[in-house]
Amino acid sequence: MSVRIKFYIKVLFLLLATISCSKENLSSNSDSAYFPLSIGQSTKFDIERTIYSLSSSPETDHLLTLQVISDSFKDIHEQQVFKTMYYVQENKSEWKLDSTGTSWHTLDKALSQENGRTIVNMCFPLTEKVMWNGNLFNSNGETMFRAVDVGEPFQIGNTIYPNTVTIIRQDDSTLLSKNKYIEIYAKDVGLIRKEKVFLQYCNPSDCVGNGVINTGWKELSTIKND
């Protein structure tokens, strides 16, 4: 395949991704209920985090986090922006403020600030395998997010969420590494599960492909229903 053909295919792919997130395609913004925003909204998560290293056995920690939308304001574009406070609790200690962030809706997107970067969390309407550039509004390289299992039920513990969507931000695996970042959102609830995995596997010829972890970490966050 020639370089020119590859270029035109890439341009067409990006155009289709942009069109899928355009206002002209919006029949309804009801999908924004997957990413609800209101003052006073709070969500608690159980987090299990495991760190791998060559020098020691894997270390696993458990903690609780609490996200509370504490306030809202209008930015210079008259866009309503919601402020979120993130609290952490370890070993049943007192809640400690860990960080703050902001989130907001436009007619066809749900966005948030993550580590100082604007991320396009969702692109409406959410349809099966719709794709968009999650880094559209920051200087990081293009990263295509995609939606799958739109409208499917998902169970956590004894709680069944009848209407969810899975957002795949990254899911790359090779014989030498595994990188995964997947979120599940429930309608009228928001985020209910998040899985992040970044691992490097053993690469000598005697263990490559056997899943032997050299270094890295993985983190699983699940909503806690008290």
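Visitor: Which residues does T65 touch, not counting residues up to four places away in sequence?

Guide: In this predicted model, T65 has its place in strand β2, which covers residues 59-74. T65 is buried, with a relative accessible area of 12%. Leaving aside residues up to four places away in sequence, the residues that T65 touches are T43, K44, F45, I47, Y87, V88 and W95.

Visitor: What is the order of the strands in the open sheet, and which strands are its edges?

Guide: The open sheet has 12 strands with antiparallel pairing, in the order β6-β5-β4-β3-β2-β1-β12-β11-β10-β9-β8-β7. From one strand to the next the twist averages 25°. Two strands pair on one side only, and these edge strands are β6 (117-123) and β7 (131-133).

Visitor: Over how many bridges does β7 pair with β8, and which residue of β8 stands opposite M131?

Guide: The pairing of β7 with strand β8, residues 144-156, is antiparallel and runs over three bridges. Within β8, the residue that stands opposite M131 is R146.

Visitor: Is β5 largely enclosed by the rest of the structure or largely open, and how many of its six residues are buried?

Guide: Strand β5 pairs in the antiparallel sense with strand β4 (residues 96-105) over three bridges, and it pairs in the antiparallel sense with β6 over six bridges. Because the buried residues of β5 make up five of its six, this strand is largely enclosed by the rest of the structure. The number of buried residues in β5 is five.

Visitor: How many residues lie between β5 and β6 in their hairpin, and which residue in the turn has a positive phi?

Guide: A hairpin through three residues joins β4 to β5, and S103 has S112 in β5 as its bridge partner. On the pairing with β6, A110 has M122 as its bridge partner. The hairpin formed by β5 and β6 has two residues between the strands, and the turn residue with a positive phi, of about 55°, is N115.

Visitor: Which residues touch the most other members of the largest nonpolar core, and which element gives the most to this core?

Guide: The largest nonpolar core has 30 residues, of which M122, L126, W132, V165 and Y185 touch the most other members. Elements that give two or more residues to this core are β3 (80-89), β5 (109-114), β6, β8, β9 (159-173), β10 (177-186) and β11 (190-201). With four residues, the element that gives the most is β6.

Visitor: Which residues does W132 touch, not counting residues up to four places away in sequence?

Guide: W132 is one of the residues that touch the most other members of the largest nonpolar core. With residues up to four places away in sequence left out, W132 touches V120, N121, M122, C123, L126, T143, M144, F145, R146, A147 and I167.

Visitor: Is G134 buried or exposed, and what is its relative accessibility?

Guide: G134 has its place in the loop between β7 and β8, and it touches T118, I119, V120, T143 and F145 when residues up to four places away in sequence are not counted. The C-alpha atoms of G134 and R169 are separated by 7.8 Å, although these residues are 35 residues apart along the chain. G134 counts as buried, its relative accessibility being 0%.

Visitor: How many residues apart in sequence are the parts that the pair of K187 and D31 ties together?

Guide: The side chains of K187 and D31 meet in a salt bridge at 3.9 Å, N to O. K187 is partly exposed, with a relative accessible area of 25%, whereas D31 is buried, with a relative accessible area of 11%. Because K187 lies in the loop between β10 and β11 and D31 in the loop between α1 (3-19) and β1 (42-52), the parts that the pair ties together are apart in sequence by 156 residues.

Definitions and conventions:
Residues numbered from 1 in each chain as written. Predicted model: local features only at pLDDT ≥ 70, side-chain atom pairs only at ≥ 80, totals over all residues. Heavy atoms only, no water. Pairing = 2+ DSSP bridges. Axes fitted to C-alpha atoms, helices over the stretch in contact; angles between N-to-C directions. Core = buried A, V, L, I, M, F, W, Y, C linked by side-chain atoms within 4.5 Å. Buried < 20%, exposed > 50% of the residue type's maximum accessible area, 1.4 Å probe, protein only. Contact = heavy atoms within 4.5 Å. Salt bridge = Lys/Arg side-chain N within 4 Å of Asp/Glu carboxyl O.
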